[in-house]
Amino acid sequence: MFLAHNLIDQAIVQRFEQAEKVIKVAGSQALEYFRNREKLVVETKMEPQDVVSIADRNVEITIIEGLQTAFPHDSFLGEEQGITQGDNQYLWVIDPIDGTACFLNGMHSWCISVALMVNDKIACGLIFDPNSNELFSAVAGKGCFVNDKKVETLNVNSLQDGVMGLGTSHRVPAELCVHFVDKLLNQGGMFIRNGSGALMLAYVAAGRLIGYYEPHINSWDCLAGLIMVDEAGGSTNDFLSNDGLLKGNPIIVSASGIKNSLSQMIN
Ligand code: LIP
């Protein structure tokens, strides 16, 4: 059994190291599209505000090809391409550009998010912000890092001790967001919505936000951030329950000291 675990650990580290290289290449490609965004054709997907362009699709292809060349039997779930079925226990979950609306409108709050699942558990996650050249990363059991610096969630005990990240979309009723903001502000809290759930999750792990809540988020937006918050000592909800991988779920993550206050406010 020890040998089997050891072999899986080695396989995860090899995949993490390859993903570090690939996400940087994808970041340069995304940045090039960002700097020439006036040439992009913007399309709207299923619901209002859910936009996409060739940049998302081509960056996702770069990531998948970069990983598939090294690990041809792995599976992939990308925001744009959906499932590419492999024949082993490794599944990559990819958002090529998270914060697409910001990206297409010339704002800097966007990133690339790559997570690896092994036997239905998140094994590692990478979130790269090419504008700040910050790589947020975590491997299960090995901590959370921003570039080479180890980071932890904030040591706070009140919603007043920092800023909450907030996400929402037209996939959910407006009331869920409005009620959350009303309660948070009335308890002396404050919020920011920068349009990228992945980046705000990375900020929770890095001790910049006290928590992040979104009534419904997709797996490709949040799996990398979830393991980062876990590895940084924070609290996370069971996002993957009830087929969260394919259907999405609410996400509630925070510094451990405000876990109860936050869940009481939301529930
Ligand atoms: C975005 C998420 C964000 C959510 C937005 C959008 P995208 O992902 O990161 O949390 O509030 O509606 O879904 O579409 O930019 O990849």
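Contact is defined here as heavy atoms within 4.5 Å. The structure is a predicted model, in which local features need pLDDT of at least 70, side-chain atom pairs count only at pLDDT 80 or more, and totals for chains, interfaces and linings use all residues. Residues are numbered from 1 along each chain as its sequence is written, and side-chain values use heavy atoms, with hydrogens and water left out.

An unreviewed UniProt entry lists Glu79, Asp95, Ile97, Asp98 and Asp221 under "binding site"; UniProt positions follow the numbering used here, feature names are shortened, and annotations may be inferred rather than shown by experiment. These residues span 143 residues in sequence, yet no two of their C-alpha atoms are more than 9.5 Å apart, so they gather at one spot. Glu79, Asp95, Ile97, Asp98 and Asp221 also belong to the lining of the largest pocket. On a 1 Å grid over the protein atoms alone, a pocket is an open set of points where a 1.4 Å probe fits, with protein on both sides within 12 Å along at least five of seven lines, and lining residues have an atom within 4 Å of a point.

Asp95 is located in strand E5 (residues 90-98), strands (E, at least two residues) and helices (H or I, at least four) being DSSP runs numbered from the N terminus. Asp95 has 0% relative accessibility and therefore counts as buried, a term for under 20% relative accessible area with a 1.4 Å probe and protein chains only. Leaving aside residues up to four places away in sequence, Asp95 touches Glu79, Cys111, Ile112, Ser113, Trp220 and Asp221. Its side chain reaches the backbone nitrogen of Ile97 at 3.3 Å. Ile97 is likewise found in strand E5 and is buried, with a relative accessible area of 0%. Beyond residues up to four places away in sequence, the residues that Ile97 touches include Ala55, Glu79 and Cys111.

Elsewhere, 5 strands form an open sheet of mixed pairing in the order E12-E11-E13-E15-E14, where two strands pair if DSSP finds at least two bridges between them. Strands E12 (191-192) and E14 (235-236) stand at the edges with a single partner strand each, so one side of each is left without a neighbour in the sheet. E11 (residues 164-166) and E12 pair in the parallel sense over 2 bridges, and Met164 stands opposite Phe191 in E12.

In helix H5 (residues 197-205), 9 of the 9 residues are buried, so the helix is largely enclosed by the rest of the structure.

Note on methods: Buried means under 20% relative accessible area, exposed over 50%, partly exposed in between (1.4 Å probe, protein chains only). A polar contact is a pair of N or O atoms within 3.5 Å; within protein, one must be able to donate a hydrogen and the other to accept it, and residues adjacent in sequence count only if both atoms are side-chain atoms.
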